[in-house]
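This report covers aromatic ring pairs and charges placed over rings. The sequence and model come first.

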Amino acid sequence: MGIIKLETKDKKRKVTNNRMTNKNLLSGNEAIARGAYEAGVKVGVGYPGTPSTEILENFTKYEDVVTEWSVNEKVAMEVGLGSALAGKRTLVTMKHVGLNVAADPLFTASYIGANAGMVVVVADDPDLHSSQNEQDSRHYARAAKVPMLEPSDSQEAKEFVRYACELSEGFDTPIFLRSVTRISHSKTVVAFEPKLNYEHDKGFEKENIKKHVMIPAFARQRHFVVEDRMKALEEFSNRIEINRIEKGKGEIAFVTAGLCYNYVKEVFPEADIFKIGMVYPLPMRNLLEFCKGYEKVYVVEELDPFIEDQLKARGANNIVGKEILPVTGEYSPELIYTAITGNKFKGMEVGIKPFARPPMLCPGCPHAQTFNAMNKLGLTVSGDIGCYTLGTLPPYSAMHACVDMGASIPFAQGIELAQGSEFKHDVVAVIGDSTFAHSGITGLINAAYNKRRILVIVLDNSTTAMTGMQPNPFNGSTITGEETVVIDYQKLAEAIGIKKDNFRTVTAYKEEIISETIQELLAKKELCLMVVTGPCLIYKRKKEKNNG
């Protein structure tokens with residue numbers, strides 16, 4: 001990127017990058033962590049979720065930074081906002097569905113702004129490699145009126161973090177950095193630079209209540225500020241180097257961003273390309289001028305027609321996009337080439353097809369006996385997000401609904417409400433320990449408060465297994481391995497009103513005892529909590545290896 005020039009209404013600044021010192025092969029997630037370090041980010045918070053998890057895990061390895069796994073994304077967003085307002089450059093990480101959890105503070109954070117830079121990294125998952133939907137997070141940028149950058153490789157992922165910090169401070173706003181699975185997990189060469197010794201000149205300003213306290217009277221005024229900011233950002237986006245035109249032979253033209261830029265370059269190396277680095281707000285003046293020069297312009301973007309729709313709404317009538325390209329799944333060079341030319345792309349053939357590996361619980365998984373027991377008892381099981389979601393599939397076939405993080409407990413209550421006096425007392429909500437801490441506890445409080453009569457089962461394997469063995473509030477360590485408090489299930493249950501006799505803890509490896517306990521608790525026809533404990537075998541082996 002070389003030189004970054006940042007101009008705002010109030011001030012003009014120039015940041016000159018230091019000479020590149022060495023190169024390394026990094027994943028996008030590793031590069032984002034490196035970029036945060038080089039940019040002088042001091043605080044990193046987030047909640048684990050594939051494909052974003054490794055960002056914070058790598059950032060925590062750098063010196064002079066503070067990190068935490070927050071209990072969920074909403075909390076992470078709020079901690080991050082507090083840190084940025086207190087004068088520290090801050091990184092907040094999550095996957096796309098986590099952004100739904102964080103949406104409440106996000107929309108108000110847009111009004112409050114930032115003091116030091118606040119970069120919110122959200123990683124989308126086209127083709128649902130490990131997610132429950134294919135959400136396109138660019139819509140959140142538009143809805144919350146928060147600018148968004150989107151890198152095309154690991155080098156840009158690193159550089160865009162620093163650039164995002166500058167934009168965040170220059171325009172007094174949180175800012176998104178959007179990744180997708182292929183950027184987060186694939187590796188490209190990254191040039192390292194020295195760490196910036198960044199110090200913000202202000203800490204938290206207690207007197208600035210009209211900016212920090214969003215009562216309606218203050219928020220109404222801040223809304224005008226936000227609208228003016230977005231107009232200034234759109235104009236600014238026409239002047240920045242990350243939105244650029246790459247001239248080819250002029251025979252075919254593309255508008256594209258992020259990972260898709262690489263695909264287009266691979267199959268149409270001589271095309272004219274408008275490469276977008278800031279996907280919201282778009283450099284609309286320059287884009288419309290670019291489109292005027294061609295009979296037809298292809299807009300290539302995964303998932304929704306986010307760029308395409310905005311161009312058409314602003315009068316570009318020569319755009320071709322989703323009428324030939326899919327709105328579902330991941331793109332590839334072959335898919336793009338075939339959609340545009342009608343011919344098969346003759347790329348490199350490796351001649352090897354990977355083995356199909358259907359999703360399943362690991363051999364020896366501590367969840368298996370519980371699912372076997374529930375299957376045999378013929379229960380109605382409301383499930384949740386985690387490894388245990390695989391209990392849906394054969395040979396267990398013991399889960400009948402799964403919506404989002406923490407939904408298992410409220411969903412089961414909905415079944416009870418719907419059945420009313422006909423409630424069969426065979427409804428069980430199943431949730432993991434990390435997910436229970438994330439957003440399950442509030443559902444349990446709702447059940448206690450409203451006198452529900454379901455059985456809640458927490459499958460506690462001592463870790464957040466699905467995303468790579470991160471600690472959580474039930475296993476006694478922080479992100480850095482430091483010992484911390486462990487939440488006591490029984491005391492929690494008693495504190496919210498569950499009777500002492502309606503709480504049980506059983507071992508995960510005794511199916512007969514699990515089955516008997518489930519039947520005993522269901523027979524009470526009251527709200528009950530059962531905790532099934534057994535460590536994840538992979539986590540157990542890693543822990544034993546680390547302990548020598």
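## Aromatic contacts

Phe171 and Phe236 are both buried, where buried means under 20% relative accessible area, exposed over 50% and partly exposed in between, with a 1.4 Å probe and protein chains only. The model is predicted: local features need pLDDT of at least 70, side-chain atom pairs count only at pLDDT 80 or more, and totals for chains, interfaces and linings use all residues. Residues are numbered from 1 along each chain as its sequence is written, and side-chain values use heavy atoms, leaving out hydrogens and water.

Rings of Phe, Tyr and Trp (its six-membered ring) pair if their centres lie within 6.5 Å; planes under 30 degrees apart count as stacked, over 60 as edge-to-face and the rest as tilted. The count by this rule is 15 aromatic pairs. Two of them are tabulated here.

| Pair | Centre distance | Plane angle | Class |
|---|---|---|---|
| Phe171 and Phe236 | 5.2 Å | 65° | edge-to-face |
| Phe474 and Tyr489 | 4.3 Å | 10° | stacked |

Because Phe171 lies in helix α6 (residues 154-171) and Phe236 in helix α9 (residues 216-237), their pair ties together parts 65 residues apart in sequence. Helices (H or I, at least four residues) and strands (E, at least two) are DSSP runs, numbered from the N terminus.

Phe474 sits in the loop between β19 (455-460) and α17 (489-495), and Tyr489 in helix α17, 15 residues apart. Phe474 and Tyr489 are both buried.

One aromatic cluster is formed by Phe254, Phe268, Tyr298, Tyr337 and Phe345.

A charge sits over a ring if NZ of Lys or CZ of Arg is within 6 Å of the ring centre and within 35 degrees of the ring normal. Arg89 lies over the face of Tyr198, 3.7 Å from the ring centre. The charged end of Lys275 is over the ring of Tyr261, at 5.2 Å from its centre.
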